[in-house]
Amino acid sequence: MFKRYLAVLLAFAALALAACSDQKAGEPGAETAEKQAEEVITISYANFPPASTFPCIQMERWADEVEKRTDGRVKVETYPGGTLLSAKNMYRGVLEGQADIGCLSLPYYPGVFPALLSVNLPVGFTNATTASLTLWDLYSKLQPDEMKNVKVVTTFTSAPSNIMSKEPVRSLEDLQGMELRASGALLKMLELMGAKPVGMPMSQTPEALQKGVVKGLVSSLEVLKDFNFAELCRYETITNLPVYPFAVVMNEDRWNSLPDDVKKVIDDLGREQAEWTGNYMDAHIDEALEWSKKNHQIEIYTLSKEDRDRIAEIGEGIVDDWKAEAEKSGLDADAILRDLMAFKGKYEERFPE
Ligand code: 3IO
């Protein structure tokens with residue numbers, strides 16, 4: 001009896017020893033590296049507008065590309081429509097790690113991103129591809145302090161902004177006192193043009209239009225289809241006002257925790273994604289306008305030379321205001337504008353209107 005007990009005990013001891021020595025015998029790094037390679041890394045990505053809109057279309061494209069290029073080792077969980085973070089909570093939520101990645105419309109954060117908000121100025125961008133690549137190049141060159149607490153994954157912009165309204169705006173005269181939703185530099189511009197600008201994120205605009213809090217909005221025209229704004233805003237006025245710059249940012253600790261090969265996949269995608277999104281936006285605007293004409297019989301107006309000159313004059317003042325603000329933040333505003341215009345010029349040649 002005792003002998004048998006001893007035998008079992010010895011067998012267990014032998015097994016335990018074998019297990020120990022096994023672990024010691026193996027190369028210590030190899031097993032963990034192998035495990036890491038098998039482990040799926042899940043990254044959460046928050047976005048504020050509905051899934052059908054361009055910031056979310058580009059998010060799904062980026063997620064697919066990252067999953068493909070890492071052979072499925074990275075899984076990106078996307079949260080459109082403010083289901084994880086709302087427009088105004090996005091930046092804080094990423095800094096605090098509630099989401100790994102978040103999509104920021106920079107004009108929603110006055111004073112927070114002074115250098116990159118130069119791309120929100122009335123400098124005459126004619127398409128989203130040019131503006132998106134200009135923003136990416138400007139970010140890459142400046143590496144501004146305002147982004148030092150996050151990893152910038154990509155950047156892009158909307159297309160130039162135009163007026164979409166419930167009542168026709170055929171001239172600046174028609175605009176007087178009209179409540180229009182906008183954000184960023186457009187607020188001051190619209191005020192000087194005689195409108196009554198109301199600042200709010202795009203995600204709150206459908207309700208504001210429904211309730212009559214605003215009589216229209218100022219943004220890129222693809223929203224006529226993607227939010228079905230064409231139903232309420234049948235009148236569109238071409239103004240070629242500023243684009244909205246966006247940055248997709250990642251929590252810095254989360255970024256630092258990623259393996260080098262995954263970091264490389266994400267880094268390699270940054271500029272490509274900016275161009276992809278610009279292309280998507282520019283093509284989608286044409287499609288959305290066709291759809292809106294067909295389904296809601298929208299009317300499109302252009303302004304007189306006189307009104308356009310007046311808007312250009314107002315725009316110069318807006319640039320001066322930004323310069324003063326940027327200099328207060330310790331930035332070399334003239335140098336930033338010079339870089340911005342140089343990148344813009346380069347891409348305009350490659351992507352003419
Ligand atoms: C925008 C924002 C969210 C969804 C679709 C959009 N199209 C253009 C914009 C830019 C804009 O107006 C904004 O508020 O960021």
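Mentor: Happy to. Around the ligand there are 17 residues, each with a heavy atom within 4 Å of it. The closest are Ser-105, Tyr-108, Arg-181, Ser-219 and Glu-222. This is a predicted model, where local features need pLDDT of at least 70 and side-chain atom pairs count only at pLDDT 80 or more, while totals for chains, interfaces and linings use all residues. Residues are numbered from 1 along each chain as its sequence is written, and side-chain values use heavy atoms, with hydrogens and water left out.

Trainee: Which ligand atom lies 2.7 Å from an N or O atom in the side chain of Glu-222?

Mentor: A nitrogen atom of the ligand. Pairs like that are polar contacts (N or O atoms within 3.5 Å). An oxygen atom of the ligand is 2.4 Å from a side-chain N or O of Tyr-108, and a polar side-chain atom of Ser-105 is 2.9 Å from a ligand oxygen. Taken alone, the ligand exposes 350 Å², and the protein buries 100% of that (Shrake-Rupley method, 1.4 Å probe).

Trainee: Where does the ligand lie relative to the domains?

Mentor: Domain 1 (40–159 + 245–282) and domain 2 (161–243 + 289–350) both give residues to the shell, so the ligand lies between them. Those bounds come from an automatic or database domain assignment. The shell has 10 nonpolar, 5 polar and 2 charged residues; here Ala, Val, Leu, Ile, Met, Phe, Trp, Tyr, Cys and Pro count as nonpolar, Asp, Glu, Lys and Arg as charged, and the others, Gly among them, as polar.

Trainee: And how many cavities of 30 Å³ or more does the structure hold?

Mentor: The general idea: rolling a probe the size of a water molecule over the atoms shows where empty space is left. A cavity is a set of points on a 1 Å grid over the protein atoms alone where a 1.4 Å probe fits but cannot get out, and lining residues have an atom within 4 Å of a point. This structure holds 2. Phe-54, Pro-55, Met-202, Ser-219 and Phe-246 lie nearest its centre.

Trainee: What about the second largest cavity?

Mentor: That one has about 30 Å³ of space. Its lining includes Pro-122, Phe-125, Pro-160 and Asn-240, and divides into 7 nonpolar, 2 polar and no charged residues.

Note on methods. Polar contact = N/O pair within 3.5 Å; in protein donor to acceptor, adjacent residues only side chain to side chain. 1 Å grid on protein atoms, 1.4 Å probe; cavity = no way out; pocket = protein on both sides within 12 Å on 5 of 7 lines; lining within 4 Å. Points joined across faces, edges and corners; volume = space filled by probe spheres on them.
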